[in-house]
Amino acid sequence: MSKWPIGVFTSVDHGLGVHLDVAQELGIPTVQLHAPSKEKRNQKDADEFLAKCNGIQVTAVFGGFTGESYADIATTARTVGLVPQDTRAERVEILKDVSDFAAMLKCDTVGMHIGFVTEDRNSDDYKNLIGVTREILDHVGGNGQKMHLETGQETADHLLHFINDVERDNLFINFDPANMILYGTGEPIEALQKVGKFVRSVHCKDATWAAEDKWGVEWGCEVPLGEGDVGIETYLRTLKDIGYEGPLTIEREIPEDREQQKADISHAANLLTSLREKIG
Ligand code: MG
């Protein structure tokens, strides 16, 4: 794979990504995939998807769960990832299944939002979360894979603590600069410098901050790439500084307007291509 291939976040039957045909029409060479629902996670569907890819490389498969809602930050904290305790055990099993499906797609990376990890590292909840994360990573490792945690729900420092506490060598980060702004968890470039050595995949997404007294309470606003507060040129320069050479995977989370979503992704791909030439 050449350095910094363009990518796009895609979905099959649910999730916020575009459908594969958008990547094909725009000539985008790599995709991350939001894992399809359980009945589609089998070898036959994997083979059909790979045939449709026709050379497009699947660089990560993201697990998502029924019952998750990003309606507002409080709802996200209550419903997303492995953090909600009443669904934790069943979601661990789902992630193992997603890992098996990724293996069917010959993909070596599983991604996820773990959720709002408690700050209390001595709590039983935190220790249990460490335990189940290890259980997942051992399964993922058995498939020859690594797992990438998406950023945004924790500060960079807390994410580093968590990764260190898990003590596994196949746990890394999918860095999303816009999420840091949307959740109000920290200035994204500074965060990227802090967690740089763990970054193995990235999202190219942009956002504007909520008012400072609303950080962590009200969402910032996701906007087309280049129009927000990330500073995309600085973002790419920082990726270069940390030695990141993997895909630049575009996310635009407006599935309610598929035409606009496609237009914004096309614009983002052009922007990234020109910046890639400039920065080298
Ligand atoms: Mg993202």
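Student: On a 1 Å grid over the protein atoms alone, a pocket is an open set of points where a 1.4 Å probe fits, with protein on both sides within 12 Å along at least five of seven lines, and lining residues have an atom within 4 Å of a point. Which residues lie nearest the centre of the largest pocket?

Tutor: Leu16, Tyr70, His113, Glu251 and Glu253, out of 25 lining residues. Before going on: this is a predicted model, where local features need pLDDT of at least 70 and side-chain atom pairs count only at pLDDT 80 or more, while totals for chains, interfaces and linings use all residues. Residues are numbered from 1 along each chain as its sequence is written, and side-chain values use heavy atoms, with hydrogens and water left out.

Student: How much space lies in that largest pocket?

Tutor: About 620 Å³. That volume is the space filled by probe spheres set on the grid points, which are joined across faces, edges and corners.

Student: And what is the lining of the largest pocket made of?

Tutor: It divides into 8 nonpolar, 11 polar and 6 charged residues. Here Ala, Val, Leu, Ile, Met, Phe, Trp, Tyr, Cys and Pro count as nonpolar, Asp, Glu, Lys and Arg as charged, and the others, Gly among them, as polar. Helix H7 (residues 177-183) gives the largest share of this lining, 3 residues. Helices (H or I, at least four residues) and strands (E, at least two) are DSSP runs numbered from the N terminus.

Student: What about the second largest pocket, how much space is in there?

Tutor: About 290 Å³. It has 23 lining residues, and Thr109, Lys146, His148, Arg200 and Pro247 are the closest to its centre. The lining holds 8 nonpolar, 9 polar and 6 charged residues. Strand E3 (57-62) supplies the largest share, 4 residues.

Student: Back to Glu251. Which residues coordinate the magnesium ion with it?

Tutor: Glu150 (OE), Asp176 (OD) and His203 (ND1), together with Glu251 (OE), at 2.0 to 2.2 Å. Donors are N, O and S atoms within 2.8 Å of the metal (3.2 Å for Na, K and Ca), and since water is not among the atoms, sites may look incomplete. Along the chain the donors follow the spacing E-x25-D-x26-H-x47-E. His203 is in strand E7 (residues 199-204), and Glu251 is 48 residues away, in the loop between strand E10 (248-250) and helix H10 (258-279).

Student: Are His203 and Glu251 buried or exposed?

Tutor: Both are buried. Buried means under 20% relative accessible area, exposed over 50%, and partly exposed in between, with a 1.4 Å probe on protein chains only.

Student: What does phenylalanine 175 touch?

Tutor: Leaving out residues up to four places away in sequence, its list includes Thr151, Met180, Leu192, Val202, His203 and Tyr235.

Student: Which residues of helix H6 are buried?

Tutor: Ala156, His158, Leu159, Leu160, Phe162, Ile163 and Val166, in a helix that covers residues 156-166. They pack against H5, E5, strand E6 (171-175), H7 and helix H8 (188-195). Glutamate 167 follows H6 and has a positive phi, near 55°.

Student: What is the phi of tryptophan 4?

Tutor: Positive, about 55°, although it is not a glycine. Tryptophan 4 is buried, with a relative accessible area of 0%.

Student: And asparagine 54, buried or exposed?

Tutor: Exposed, at 69% relative accessibility. Asparagine 54 also has a positive phi, about 50°, and lies in the loop between helix H2 (43-53) and E3.

How values were computed. Contact = heavy atoms within 4.5 Å.
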